[in-house]
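Have the structure open, try each task yourself, and then follow the solution step by step.

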Amino acid sequence: MPALVNYSNGDGEMYSFRANPMELAQLCSIAGDVYSPACKRARISSSFAFNSGESNRQPSIEILPDECLFEILRRIPGGKERGACASVSKKWLLVLSSIRRSEICKPVSSCGDVEMESGESLEFEDDGCLTRSLEGKKATDLRLAAIAVGTSSRGGLGKLCIRGNHNSSGYGVTDLGLSAIARGCPSLRTLSLWNVPMVSDKGLSAIAKECHSIEKLDLCHCPSITDEGLAAIAGNCPNLSSLSIESCSRIGNAGLQAVAKFCSKLQSLSIKDCPLIGDQGLSALFSSSPSISKVKLQSLNITDFSLAVIGYYGRAVTSLVLTGLQFVSEKGFWVMGSAKGLEKLASLVITSCRGTTDVGLEATAKGCPSLKQICLRKCSFVSDNGLVSFTKSARSLESLQLEECNRVTESGIIGAISNCGAKLKSLGLVRCMGIKDTASGISLSSLSQCSSLRSLSIKNCPGFGSLGLALVGNLCPQLQHLELSGLHGVTDAGLLPLLQSCNAGLEKVNLSDCSNLSDEVVTTLARLHGGSLEVLNLDGCRRVTDASLAAIADHCMFLSDLDVSRCAVTDAGMGYLSNAEQLNIQVLSLSGCCYLSSKVLTCLKRMGRTLVGLNLQHCNGISSRTVEVLVESLWRCDILS
């Protein structure tokens, strides 16, 4: 950098200096962003050393105390000029980042003053339109200081996300870096701190003191932050609307009580794995914050009392997620539903809560008249009786998802579908081991059709077979999305009735790893639903051959995504697809198709007019040279090989 200052030592000698090129290269790598020292500006003690008549001196400007440099730099008006000064040295960067927005001097117009260039403005835009994210080794105090200086003249920093690294001991973001952000970025509205063990209450308090517009705070794995830091945010940021706390071992009830006292606009609350947070903090928060609409509680030491408070005061709650609440019993869920306060609750997710039983589930349905979506995971005490009673009372239910609810059997599923005939749109079952293929004893005449159901997903339920699938098909004539994954007990005889009973036209079908399905199912599917089918996944259906591809080529004119990985298709089958002019397949997966050879090159080239994605992994019969030719020919297609 050119010489910046000439300095006289009083003996007539003049000294000039240039910035250290090593420091300049390091600072320029930060891309124009800039760090903050402590509030008290210590003087710099510098000395001149003489050796054999030669002087070894620091650049003269560096001899100035921080106080003097502070006064000089705060008189630099424009953002570009401040950014240039920040690149001179670390010291200048530190001093610049210690200057608050309000401390920057505006020039006073006078006859003797130099006029500003036309069009240049000294006013700082403060709408907080910028977003910055630092992760891993890039999350340092130096970069935060650069951000604090660099964003002030570019619209102001509105969102800052810091994701540190626990493995980098001795490095990373500290309170000094956050203090620099606080002084330089008063427009900050969103702050996310992950894995920053060296940030304590001091840093968070600095943010609270300067950044009064904070609306969203996300703290994850911040072991040095306590109730004091959270209370500082609550007391100075009344617009806080979203609070997320995860694995912060020193934040407890006192912090939540402060939020309850000062943050009446809180709308979203997520707390996970914080051992010091209990009933006292949550009850204070819900009883004082009437606008909370989204709640997520996971792995907390709360009891039935907290759920009772939520059930009574949660009148604005629309989404509730409860996970791993080991101290909540059946009584807690029953009281939550019976309190009649969750009138607006639309979405409920319960995972691994031992207190979720048939009694509590039925009470929840009765106390939540607006409930549209429910997902139960690993609720081992919910049985058929509870599920059927729940669906009778939940008159607005549109989506039912069950995962590892092993006391629920096929009878309960059929009863639930029949009870939700007018509203239910989506049904999902995942690893429900209690389902067995014993539907032969169920009478169709006693069941009502579920004409509203549009999506059916059954994954890895080994007991679900052809009998149950045929029965479901008769009850759900308007299916559009069908996912049957990992169901080895389903055969052509079970799936064909469902395909024939779907009147609306299937659009998305996933039959992956249904190893007992054959070409008969695919040809029927193509013939009956080819006019609507857009996505078809046959991955792992080893009995599917070229006959299926021929049927797809003849009937599926709107198909855009086809997966025949690990199927018994050959080059001839690909020829059927490539010769079908009406086909417009965009994504094609042939992974693990061992019967394909390099002769398929011509077919794939012909299909290349529409292909944007092609998977040829584990196709051992296709040579690497063939793949290279395809990469050159299909230049706009992403090819995996």
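This predicted model holds 9 salt bridges. Side chains of opposite charge can pair when their charged atoms come close.

**Exercise 1.** Find out which parts of the chain the salt bridge between Lys-272 and Glu-246 links.

*Solution.* 
- Step 1: Start with the contact. The closest N and O atoms of Lys-272 and Glu-246 are 3.6 Å apart, which counts as a salt bridge because the cut-off is 4 Å.
- Step 2: Locate the partners. Lys-272 sits in strand β10 (residues 268-272) and Glu-246 in strand β9 (residues 242-246).

**Exercise 2.** Work out where Arg-431 and Glu-403 lie, and which network they belong to.

*Solution.* 
- Step 1: Their side chains meet in a salt bridge, with 2.8 Å from N to O.
- Step 2: Arg-431 lies in the loop between β16 (426-430) and β17 (455-459), while Glu-403 is in strand β15 (residues 399-403), so the pair ties together parts 28 residues apart in sequence.
- Step 3: Arg-431 is partly exposed, at 30% relative accessibility.
- Step 4: Through shared partners, salt bridges join Arg-377, Glu-403, Glu-404 and Arg-431 into one network.

Notes:
Residues are numbered from 1 along each chain as its sequence is written. This is a predicted model: local features need pLDDT of at least 70, side-chain atom pairs count only at pLDDT 80 or more; totals for chains, interfaces and linings use all residues. Side-chain values use heavy atoms; hydrogens and water are left out. Helices (H or I, at least four residues) and strands (E, at least two) are DSSP runs, numbered from the N terminus. Buried means under 20% relative accessible area, exposed over 50%, partly exposed in between (1.4 Å probe, protein chains only).
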